[in-house]
Amino acid sequence: MYCQNCQKKEATIHLTEITDGLRTETHLCEHCAQEEGIAVKSQLSINELLSSLLASQPSDDETFGDTKQSISCPHCGSTLEQFTKDAVLGCPYDYEAFQKSLAPLIRKAHNGKESHCGKVPSKTSEGTKKQMELMKLRRKLETAVQNEDYELAAELRDKINQQEK
Amino acid sequence: MKLTDISANINEWFDGSGPLADIVISSRIRLARNIAGHKFLSRCSVAEKSEILNKLKDTLMSLELGDKVFYLSVDKTSLLGRHFLVERHLISRHHAFGKGPRGAVIAQREFFTAMINEEDHLRIQVLKGGCQLSQCYEQINRIDDMIEQKVDYAFSPRYGYLTACPTNLGTGIRVSVMLHLPALKMTGQIDKFLNATRDMGLAVRGLFGEGSEAAGDFYQISNQVTLGVSESDIISLFENAIIPEIVEYENAARNRLLSKEPEVLDDKISRAMALLRNAHLISSQEALFLLSHLRMGINMRERMGASTPAIEKLSGLSDAGRGTDKPETLSITTINRLFMLTQPAHLQLNYGKQLGPERRDALRAEIIRSALHG
C-alpha cells in the first residue's frame with residue numbers, strides 16, 4: 001500500500017481514529033507521518049503500567065487467594081489496593097504477602113524474567129549463595145537445551161550435580 | 001559547603017572530556033537499596049524516616065570516597081536550592097519536591113550522590129563524562145560494598161534487592177547515558193531512532209527541562225528491566241551494542257549533512273549564532289535549542305575536521321568572560337558551560353537573588369552574548 005499523502009513511498013504508519021462512532025483510517029509513510037506530526041508513542045509511565053497490569057488480572061478468589069480487599073501484609077498492614085494507587089509497596093514482606101498477584105506483574109515488567117541474577121550481598125549466608133548459584137546454573141542449562149547446545153548442557157549438568165553433593 | 005561554591009562552574013562530567021563525549025555526554029549508574037528491618041518509606045512514620053536518614057547519613061559520611069563529601073538536608077534546603085540540585089543532576093525531581101525528612105550526600109567533584117529517603121531508603125549514583133559505564137559500575141559497586149559492610153540491605157534470594165516499586169527489583173540498577181543527537185534530529189531520523197530504542201525495552205527521556213520533551217537535542221536512554229539480568233550484562237549491552245550503534249548513526253547523519261547538505265548545516269549554525277549573539281531576551285528553551293547547533297558545529301570541527309564557512313566563523317568566536325588566558329578558538333567547554341549556567345536556578349543562584357522570568361531571560365541573553373564575543 002502506498003502512502004495516501006505522497007503516493008510514492010510505502011505506507012508504514014497506519015492510524016485508525018474513531019470519533020463519534022465514525023471510523024477513519026490513515027495510511028502514511030514515515031516521512032509524511034512525521035510531517036503531519038504523528039509520532040508513534042509506545043511508552044507508558046510506571047503507574048499506568050502497574051495499574052493496567054493489576055486491572056487486567058482476574059480477581060477470582062479461587063485463582064487469587066490474596067485479592068485486593070481481603071489480604072493485608074501482616075508486617076506493615078499494606079493492601080494490594082493501596083499498591084495500585086501508590087505504585088509502591090509498604091515493606092519488603094509485601095513481596096511474600098502478595099506474591100500471587102505480584103508475580104505476573106513482575107514478569108511483565110521485567111520482560112518475562114522472574115528471579116534475580118546478579119550481585120548478591122557478601123553478608124548473605126553460604127547456604128543462600130549456594131542455592132542462588134544452583135538457580136543460575138539451572139537457568140543457563142535451560143537456555144543451553146533450548147539452543148540445542150548439548151555440550152554446554154552436559155557441562156552445566158555436571159556442575160549442578162557437583163554442587164548438589 | 002555552600003551551593004554557590006559549585007554553581008559558578010560546570011560539573012566535571014560535563015566539561016567535554018571522556019570517550020565519545022561529542023555524542024555521549026555522560027554515563028550514569030544508579031543503585032536502589034533498602035535497609036532490612038524497616039518498612040518502605042510510604043508506610044514509615046516521620047520518626048522512622050528520621051531514624052533511617054540518620055543511620056544512612058552517618059554511614060555514608062564515614063566512607064572513604066576519595067573526595068570531600070558534604071551533606072544536605074533536602075527538606076530544609078530552599079526551593080531555589082532544590083531546583084539547582086535538579087538542574088545539576090545531583091538529585092531527582094522526586095527527591096527535591098518530595099515529603100518528609102530526606103537528605104543527600106554529595107561528593108564535591110559531583111561524581112557521586114547518595115539520595116536518602118527518595119523512593120527507596122537509599123539511592124546511590126555515580127556520574128562520569130563521556131562513555132564510561134564500566135568505570136561507573138566499578139566505582140559504585142565498590143561504594144555499595146562499603147555501605148553493605150555497615151548496614152543490612154533488604155534482599156531475597158528469589159527477587160534480589162527488594163525495592164519499594166517492583167519495577168526496580170533485582171539488581172536495582174539503572175544504567176543511563178545522556179546523548180546529544182542534533183544531526184539525527186535535523187535529518188528527520190530521530191523518531192525512527194526513538195521507536196527502535198523503545199522497542200528494545202529502553203526508556204528515553206529529555207535531559208534538560210521539564211517532562212519528556214528533549215530540549216536541545218539531548219536524550220537520556222536507560223534500561224527498564226532490572227530483574228533476571230546481571231549488572232554486567234546490562235552494561236555490556238549498552239557498551240557493545242546500543243551506544244556504538246547510536247554513535248554510528250549520529251556520525252553518519254553528521255557526515256551526510258556535511259557532504260550532501262552543507263548549506264542546511266551552515267544555515268542552522270549561522271542562524272543560531274546570529275540569534276544568540278544579538279538577542280536581549282532569550283528563554284531557556286530557545287537557548288537550549290540554539291546552543292545545540294553550536295555544540296554540533298564545534299564538535300564537527302574538532303572531531304571530524306569539518307570546515308564550512310559557518311563552522312569557521314563559529315570557532316573564531318571566543319569567550320570574552322575568560323579574561324587574559326582566553327582560548328584562541330571557541331571551546332566545547334564554553335558551550336557546555338552555557339548549557340548549564342543559563343538554566344533558571346543556576347542563573348538566580350549565581351546572581352544572588354530570585355528573578356522573574358523576564359529578568360532571567362535578559363540575564364541569560366547577556367551571559368550568552370558576552371561568551372560568544374568576537
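Which helix of chain B is the place of Lys268(B)? Select residues 262-278 of chain B: that is helix H9, and Lys268(B) sits in it. Helices here are DSSP runs of H or I with at least four residues, strands are runs of E with at least two, and both are numbered from the N terminus.

A word before going on: this is a predicted model, in which local features need pLDDT of at least 70 and side-chain atom pairs count only at pLDDT 80 or more, while totals for chains, interfaces and linings use all residues. Residues are numbered from 1 along each chain as its sequence is written, and chains are lettered from A in the order in which they are written. pLDDT is the predictor's confidence in each residue, from 0 to 100; chain B averages 92, with 95% of its residues at 70 or more. For the complex, the predictor gives an ipTM of 0.85 and a pTM of 0.84.

Stay on Lys268(B). Is this lysine buried or exposed? Lys268(B) is buried, because 20 other C-beta atoms lie within 10 Å (20 or more means buried, 12 or fewer exposed, in between partly exposed, with C-beta atoms placed from the backbone).

Next, hop to chain A. Seven helices and two strands make up its elements, running β-β-α-α-α-α-α-α-α from the N terminus. Of its 165 residues, 21% count as buried.

Select H6(A), residues 126-146, and H7(A), residues 150-164: their axes come within 9 Å and cross at roughly 160 degrees. Axes are lines fitted to C-alpha atoms over the stretch in contact, with angles from 0 to 180 degrees between N-to-C directions. The pair is therefore roughly antiparallel (over 145 degrees). Among the residues that meet are Leu134(A), Leu137(A) and Leu141(A) from H6(A), and Leu152(A), Leu156(A) and Ile160(A) from H7(A).

Last stop: show both chains. The contact takes 37 residues from chain A and 39 from chain B. On the chain A side, the elements giving two or more residues are H1 (30-35), H5 (99-109) and H6. H5(A) provides the largest share, four residues.

Conventions
Angles under 35 degrees count as roughly parallel, over 145 as roughly antiparallel, 65 to 115 as roughly perpendicular and the rest as oblique. Two residues are in contact if their C-beta atoms, placed from the backbone, lie within 7 Å.
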